[in-house]
Amino acid sequence: MTTEHQTGDEGAVRSVLRAFDLLALFTEHRRTWAVKDLTAASGLAKTTVLRLVVTCEQRGLLWTRPDGRITVGPGMLRWAQLANTAWQLPEPVRQVLRDLALECRETVNLYVRSTSVLVCVAQQEGPLAIRHVGRVGDELPLGFGAAGRVLDGAEGAAVSHGEPEAGASSVAVPVHDGDGRVLAALAVTGPTSRFGAAEVAAFTEAVAGGSQRISQIGLGTRTE
């Protein structure tokens, strides 16, 4: 491959990464952006932002509203539906989450690793009025919280306090495939006031049992 081709390839990859970074700025808490704010937040030149927005609009990933603000495009609906279908867990696995939430009376989450972050792919809220609430699709930095430590290579169970937010605690255990590789992290999360030493010990035992059941069932995510 010539130097010219290499330079072209590198430029194309850089443009793709910039587009992904731009899309990542759209969140549940920030659904629309003015061009000037999007430019400031991205750290890119305004001309680059405008070019990326136009390209993403052509693929339906972004949309400019009549008032000039930019939001996610209708093409995202297809990707959202595809991801929901691909990551729909088997009913026996979801039953494990429900059983564990009732046993521990705390919220149960299942996380998988995606490059440098962990992503929540399933959740079962606990039955108590005061409980930890997150969303499927939420991302956390790798190594952050009990689940993040499990997916970052911690052996066995992990415990965290004050993460993902002050006053929250979590116990997590790895879920393995048939060859012993870590597939996911199963976690119980709730208010720190309910995660004393005795509770943590009980939660660890319960989550370990749930992890073994899920490991035997398999995640069964649809890849065909």
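**Close-ups of a predicted model**

Let's start with charge: the chain carries 22 positive and 24 negative side chains, and the centres of these two sets sit 8 Å apart. Keep in mind that this is a predicted model.

Figure 1. Picture a box of roughly 60 × 45 × 30 Å along the principal axes, and the C-alpha atoms of the chain fill it. Of the 224 residues in the chain, 37% are buried. The chain exposes about 12,800 Å², and carbon and sulfur atoms supply 55% of that area. Now look at who touches whom: among contacts with a separation of 6 or more, 49% link residues 24 or more positions apart.

**Figure 2. Helices H5 and H7, side by side.** Two packed helices are described by the angle between their axes and the distance between the axes. Here the axes of H5 and H7 (residues 197-217) come within 10 Å and cross at roughly 170°. Angles over 145 degrees count as roughly antiparallel, so H5 is roughly antiparallel to H7. On the H5 side, the contact is made by Pro92, Val93, Val96, Leu97, Asp99, Leu100, Glu103 and Cys104. Facing them from H7 are Phe203, Ala206, Val207, Gly210, Arg213, Ile214 and Ile217.

**Figure 3. Ser211, a residue of helix H7.** Is Ser211 buried or exposed? Its relative accessibility is 4%, and the cut-off for buried is under 20%, so Ser211 counts as buried. Who are its partners, leaving out residues up to four places away in sequence? Ser211 touches Val173, Pro174, Val175 and Leu186.

**Figure 4. Arg105, in the loop between H5 and strand E4.** Zoom in on the stretch between helix H5 (91-104) and strand E4 (107-114), and you'll find Arg105 there. Arg105 isn't a glycine, yet its phi is positive, near 60°. With a relative accessible area of 43%, Arg105 is partly exposed, because that value falls between the 20% and 50% cut-offs.

**Figure 5. Thr115, in the loop between E4 and E5.** Thr115 is another residue to check for its backbone angle: phi is about 50°, a positive value, although Thr115 is not a glycine. How does Thr115 count, buried or exposed? Its relative accessibility is 66%, and exposed means over 50%, so Thr115 counts as exposed.

Key
Residues are numbered from 1 along each chain as its sequence is written. This is a predicted model: local features need pLDDT of at least 70, side-chain atom pairs count only at pLDDT 80 or more; totals for chains, interfaces and linings use all residues. Side-chain values use heavy atoms; hydrogens and water are left out. Buried means under 20% relative accessible area, exposed over 50%, partly exposed in between (1.4 Å probe, protein chains only). Contact means heavy atoms within 4.5 Å. Accessible areas come from the Shrake-Rupley method with a 1.4 Å probe; for residues, only the protein chains shown count as cover. Lys and Arg count as positive and Asp and Glu as negative; His and the chain ends are not counted. The place of a charge is taken as NZ of Lys, CZ of Arg, CG of Asp or CD of Glu. Helices (H or I, at least four residues) and strands (E, at least two) are DSSP runs, numbered from the N terminus. Axes are lines fitted to C-alpha atoms, for helices over the stretch in contact, and angles run from 0 to 180 degrees between N-to-C directions. Angles under 35 degrees count as roughly parallel, over 145 as roughly antiparallel, 65 to 115 as roughly perpendicular and the rest as oblique.
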